[in-house]
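Visitor: Please show me how to read a few features of this model.

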Amino acid sequence: MPINVLMPALSPTMEKGNLAKWLKKEGDAIKSGDVIAEIETDKATMEVEAVDEGVLAKILVAEGTADVPVNELIALIAEEGEDPGSVEAPKGGEAKGEAKTAPVEPKGTPDQNAAPDGAHASYARVDQAPEGAKPNGAAQPGASGGRVFASPLARRIAKQEGIDLSAVKGSGPHGRVIQRDVQAAIEGGTAKAGAAAKPETKAPTPAADKPAPKAAPTGGAPAGLSLDQVKGFYEKGSFEEVPLDGMRKTIAKRLTEAMQVAPHFYLTVDCELDALMKLRETLNGSAGKDKDGKPLFKLSVNDFVIKAMGLALTRVPAANAVWAEDRILRFKHAEVGVAVAIDGGLFTPVIRKADQKTLSTISNEMKDFAGRARAKKLKPEEYQGGVTSVSNLGMFGIKHFTAVINPPQSTILAVGAGEKRVVVKDGAPAVVQAMTATLSCDHRVLDGALGAELIAAFKGLIENPMGMLV
């Protein structure tokens, strides 16, 4: 039986990917570990390895194809002893007969995405039905006590929207319920868990000169204006339409969700920088030289901010946590993301164990991350996770701003420009160098007092920076 190759999930939040390039062609022998394709996500290009052997019999999705859904059939591999020429592409892109599903493994996938019991990847194990299993279609196996086979994404959407998977007809391989099936059920309103059937009512026809308002999605979240509604406000020819790329779509979706789901509150402090600037100058002056005579490191103010945030989280351990559906995950070490702006969006690479690393190590890691972020060469495990992030707009002259939390993180620190300010010291005016920092907090994880304790610990380290060296 041919082996199905499905579009892999290269990150926990990936829903679609672009099939950038096939590295094997039809008729090529495939060995376990061979890199067979390159997949583009919204933020990176990843190589995909095969974990089964055979011959690449059919390529079903051409290279260059965009927005291929996770778990969609993209190729067929003929098993040993099977004639590759006899393998036929299934109609409608669905698995034919009892073809088996081949897990494929993205190189560099984070360990936390791996499935238990030796499975090569979580999506490969969770999504595939056992050989010989009957499709769960109109028979509604859930109603008779049978197991419903569904992709993780389909299950997540169904849970969020209150959809009964046993009432959804699957269109994926082996009758698996996939994303488009759940979306169709949501739009049709026929598979609500525990919902009684309601008589159909005909909506009134909107006036011809007034566009129909966009319906709010299931769950009550407000919908934005439609494309036609927005364009209707402006004169034709006065604007250019710029299609969204994958990164901008993901940023828009995730940060909209963050503002709707995570209840934000904000805490602002002013931090004096005179002692930090003096220490920075001393440390940079003492840096060793490489063989070309260049300094081994050059510390920035942002490096001190990252280190201070890492230490503050470990000094206030209750704040070193994230929200996880029905519980809080509290961490042993601090993981601090740092926003890096690139054309069309941003990356947030994460400094792991920032509380334990030296300032010079943090500085050199950030230079490497920033360079590879701008070239879109970061691996998913380098920008996923984290407990907090730092967003610094000081280099643009911004004095104060608030930032949106990047899920699943629970805080983000917005850092403004350092500047000379007049303050009162010992009853008299004095000039100091200072910056404003604002901490955005997820109120599900941090209450006001806990957030205040965290940002106070950060301020104390910035104003007494020698504490970062011990």
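Visitor: What is the relative accessible area of Glu241?

Guide: In this predicted model, local features need pLDDT of at least 70 and side-chain atom pairs 80 or more, while totals for chains, interfaces and linings use all residues. Residues are numbered from 1 along each chain as its sequence is written, and side-chain values use heavy atoms, without hydrogens and water. The value for Glu241 is 49%, so this residue is partly exposed (buried is under 20% relative accessible area, exposed over 50%, partly exposed in between, with a 1.4 Å probe and protein chains only).

Visitor: With which residue does Glu241 form a salt bridge?

Guide: Side chains of opposite charge can pair when their charged atoms come close. Glu241 pairs with Lys231, their closest N and O atoms lying 2.9 Å apart (a salt bridge needs a side-chain nitrogen of Lys or Arg within 4 Å of a carboxyl oxygen of Asp or Glu). Lys231 belongs to helix 4 (227-231) and Glu241 to the loop between helix 4 and helix 5, so the pair ties together parts ten residues apart in sequence. Helices (H or I, at least four residues) and strands (E, at least two) are DSSP runs numbered from the N terminus. Lys231 has a relative accessible area of 29% and is partly exposed.

Visitor: Where do Lys249 and Asp67 lie?

Guide: Their side chains form a salt bridge of 3.7 Å, N to O. Lys249 is in helix 5 (residues 246-261) and Asp67 in strand 7 (residues 65-69), so this pair links parts 182 residues apart in sequence.

Visitor: How many salt bridges are there by this rule?

Guide: The count is 17.
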